Amino acid sequence: MVRTPAFRVLFGRAEYPAGGRTIRVAQTAAPASGVVLHPGNVRDVIVDRLVRFLGKDPETATHRDVYEALSVAVREELAARWVPTQRRVARARVKRVCYLSVEFLPGRALVNALSALDGDLLGATERALAELGFELEAVAREEHDPGLGNGGLGRLAACFLDSLATLKYPAVGYGIRYDYGIFTQVIAPDGEQREVASSWLRLRDPWEMPRAGARYEVSFGGRSTTETDARGQSHERWVDTQRILAVGFDHLVPGNRSPTVNHLRLWAARAVEPFHVGEFNAGHYVAAVKDQVAAKNLSRVLYPDDSTPQGKELRFCQQYFFVSASLQDLLATLKNEGRPIAELSDAVAIQLNDTHPALAVAELMRLLIDENGLEWSAALALTREVISYTNHTLLPEALETWPVDFFERLLPRHLKIIYQINRSLLEEVGGRYPGDLERQRRMSIIAEDHDRRVRMSHLAVVGSRRVNGVARLHSTLMQQTIFADFAALYPDRFTNVTNGIAVRRWLRQSNPGLAALLTSRLGHAWENDLEELERLRPAAEEPEFRKLFRDIKRANKERLAKSIRERIGLEVSVESLFDVQVKRIHEYKRQLLNLLYVVTRYNRIRANPSLPVVPRTVIFAGKAAPGYAMAKAVIRLINNVASVVNADPVIAGRLKVAFLPDYDVSLAQTIMPAADLSEQISTAGTEASGTGNMKLALNGALTIGTLDGANSEIREQVGPEHMFIFGLTAAEVQAERASGYQPQRYLEGDAELAATLEMIRRGAFSAAGREAAVLVVDRLLAPGEPFLVLRDFRAYATAQATVDALYLKPDEWSRHAALNCLNMGFFSSDRSIREYAERIWNIRPVI
């Protein structure tokens, strides 16, 4: 790096050395134009922020210093747009969206913000950094991915915030500012996942803005009493509570080439009285800070391990903490704008992203009745006008329930509210279906089966204006299975909005080569209107276009191969087919089906070393919940298989297996553009939608998958001839389960599969211990195994043979890949948000 003499301060101005000459910057807070940052002054602004904000000498500035200086400058520009955005919204007196989610996975902010802002700011920043002796890519790597989510739920929420701002809709996201996020995944020498505290907040986060005015008390415990006023009217009071302080931190969310900047407000938990001087002076040093420690635990980690009673209670309290703070904040915002509570339904649309924020129904009722004096019927009507609920799962075990005991001890006032809502529900059900006590039992918000529990999904449905699924198949099955009784009672309440992805991050930023090719043919319009890609479909028939497409894919594979080498020390060939399955580790997603085929393919090569095979690199990534023993066994087995396969000289590189640890948004942005084959192989009827399937297809990967989630809609848009569909349908899965699925039957006529399972069981891949292997095989062979892995194996292996045959024809493969990309216009999150705006929220853009 070129360094020049140290800067010197002159009267009225400062001189900073950079790029071989002196930069003179006026000693004002911003350039004379009043614009914080623009393409013509990037270098000056970076140097200015290094000195004025960070107190750093530009001569000795590190990559981290430059990253922070640049980030502060960009954040200032976002803030300069956020203020007028909020002013426009307040003056227009329009409806805002308040999006409640325990997960957000926004990814790194610097390049995203530079790309979203005006003109050639990204290019100008690259040039300015080069003059200062730095590369943008190296500077951007200094940013840690925010540890605010784990999988598709959080990434969807982030895509939606991006689209809301791009489309100029007024919105705020609400979540939790986790100190340590989910966890950092480390793979031990024996292949097991180890969880290490995430360090995303270890260094200063230049993107967050502490909000001193956004501080609210959240109560727990105590008791709910009934008091009578002077007029003889009864009122409920929640008294003798313990209070926690919620403190707000904002992350600004820019729209792409848009004046709108919205925000994500994250809550950190603090003690109302963080330090007890008397205890400290008495020598009780731990007791002096115990309240602060207990409070901060609420925002320490995402999804505390709930395998213990303490973990379950912490997760319950965490959910209420963020819901209460968020609702108090939105009501305070409306009050500050002079909007009365009676107009709440004209001012706010609250969206619950899955069941985690379902306590919002009871908490909003409490705030309306106890704090704002509304009558019960008016409060319930308002609640049902403003809240809507997105369901993300068909798995009954994933629909949260909480013990009534938790409510009795921690939220007694809310329990009374829930009981009253439930009483009204059961009266309504009894009136519609007289004598049908079984239906009342099924629909009750309170489950009485074993221990009494509150069914949070039922509370969300009963308290919502609209309930939506996230793919057409999912929404249909949702109404036929888990919510069938509610769909019969409230048929107009249910709808569908198929998920989408933010094309700005998942194509323009992740795959700049492909983005440049598209822009050369279409201009920039496709960035905010993905359906523009349809105009380019004829180009897939052009040999020159296919070659360019193929060259871009190869360059992306080289980038991923470099990352694999740096992360796990494995050399992979870019000539091989990159076969990718990257997602949260769960049995229903069937990473095991993929792994069984990997072992089968390995055995075929071992049995016949001269066999001509298509070289493959099979890439896995994803985290398992700390308390999910089977998912962790799957990770261990994948790594154990990889160790044996990758070291076997007989295989000679024709098959490689890579498990990439600590999967996050930044790693995904490297993997998605490089994938040749996208594994979307969940058991039909279990995946709500998926968005990884969309990201991979948009980047030119061909899908091998079941007709699950959004795969069927992708098939309609892309065309069945451009995908590899296999396996049972959702209806056939239900029939197989109903008939009593016996996995052993599918081994009797399949010697190859039987040999694969026996090889795993006897420990051929488990030198350090067979525990994980035995656990996995026993699960696959258990009568009634819920995800039918062995039942679909042979169909999957046949589809993989078709994949091999096509990959041997590179030009034809490139044609299919290009058409996958060009037919994905429907799956933009912009389209999803427009549908939410029209079908659920009834909101309009503010310009």
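Visitor: Does Val 293 count as buried, partly exposed or exposed?
Guide: In this predicted model, Val 293 is placed in helix H8. Buried means under 20% relative accessible area and exposed means over 50%, with partly exposed in between. The relative accessibility of Val 293 is 39%, so this residue counts as partly exposed.

Visitor: Which helix gives the most to the nonpolar patch?
Guide: The patch covers about 510 Å² of surface and is made by Phe 275, Val 277, Phe 280, Tyr 285, Val 289 and Val 293. Two helices, H7 (277-281) and H8 (285-296), each supply at least two of the residues. With three residues, the helix that gives the most is H8.

Visitor: How many residues of strand E21 are buried?
Guide: Strand E21 spans residues 616-621 and is mostly covered. In a regular strand, side chains alternate between the two faces of the sheet. Here Arg 616, Val 618 and Phe 620 point one way, while Thr 617, Ile 619 and Ala 621 point the other way, and all are buried. The number of buried residues in E21 is therefore six of six, by the cut-off of under 20% relative accessible area.

Visitor: Which residue of E21 is the bridge partner of Val 580?
Guide: Strand E20 (residues 577-582) runs parallel to E21, and six bridges join the two. Within the pairing, the partner of Val 580 in E21 is Ile 619.

Visitor: Which residue in strand E23 stands opposite Val 580?
Guide: E20 is mostly covered, with six of its six residues buried. Val 580 points from E20 the way that Phe 578 and Val 582 do, whereas Leu 577, Asp 579 and Gln 581 point the other way. E20 also pairs with strand E23 (residues 677-680) in the parallel sense, over two bridges. There, the residue opposite Val 580 is Ser 678.

Visitor: Which residue in strand E22 does Arg 616 stand opposite?
Guide: E21 and strand E22 (residues 655-659) pair in the parallel sense over five bridges. Together with helix H23 (residues 629-647), E21 and E22 make a right-handed β-α-β unit. In E22, the residue opposite Arg 616 is Leu 655.

Visitor: How many disulfides does the structure hold?
Guide: A disulfide requires a pair of cysteine sulfur atoms within 2.5 Å. For the whole structure, the number of disulfides is zero. Cys 159 illustrates this: the nearest cysteine sulfur, which belongs to Cys 821, lies at a distance of 16 Å.

Visitor: Does Cys 317 count as buried or exposed?
Guide: Cys 159 has 1% relative accessibility and so counts as buried. For Cys 317 the relative accessibility is 10%. Because the cut-off for a buried residue is under 20%, Cys 317 counts as buried.

Note on methods. Residues are numbered from 1 along each chain as its sequence is written. This is a predicted model: local features need pLDDT of at least 70, side-chain atom pairs count only at pLDDT 80 or more; totals for chains, interfaces and linings use all residues. Side-chain values use heavy atoms; hydrogens and water are left out. Patches are made of residues with over 30% relative accessible area and no salt bridge: like charges are joined within 9 Å, nonpolar side chains (Val, Leu, Ile, Met, Phe, Trp, Tyr) within 5 Å. Accessible areas come from the Shrake-Rupley method with a 1.4 Å probe; for residues, only the protein chains shown count as cover. A salt bridge is a side-chain nitrogen of Lys or Arg within 4 Å of a carboxyl oxygen of Asp or Glu. Helices (H or I, at least four residues) and strands (E, at least two) are DSSP runs, numbered from the N terminus. Buried means under 20% relative accessible area, exposed over 50%, partly exposed in between (1.4 Å probe, protein chains only). Two strands pair if DSSP finds at least two bridges between them. A crossover is right-handed if, with the strands pointing away from the viewer, the path from the first strand over the helix to the second runs clockwise.
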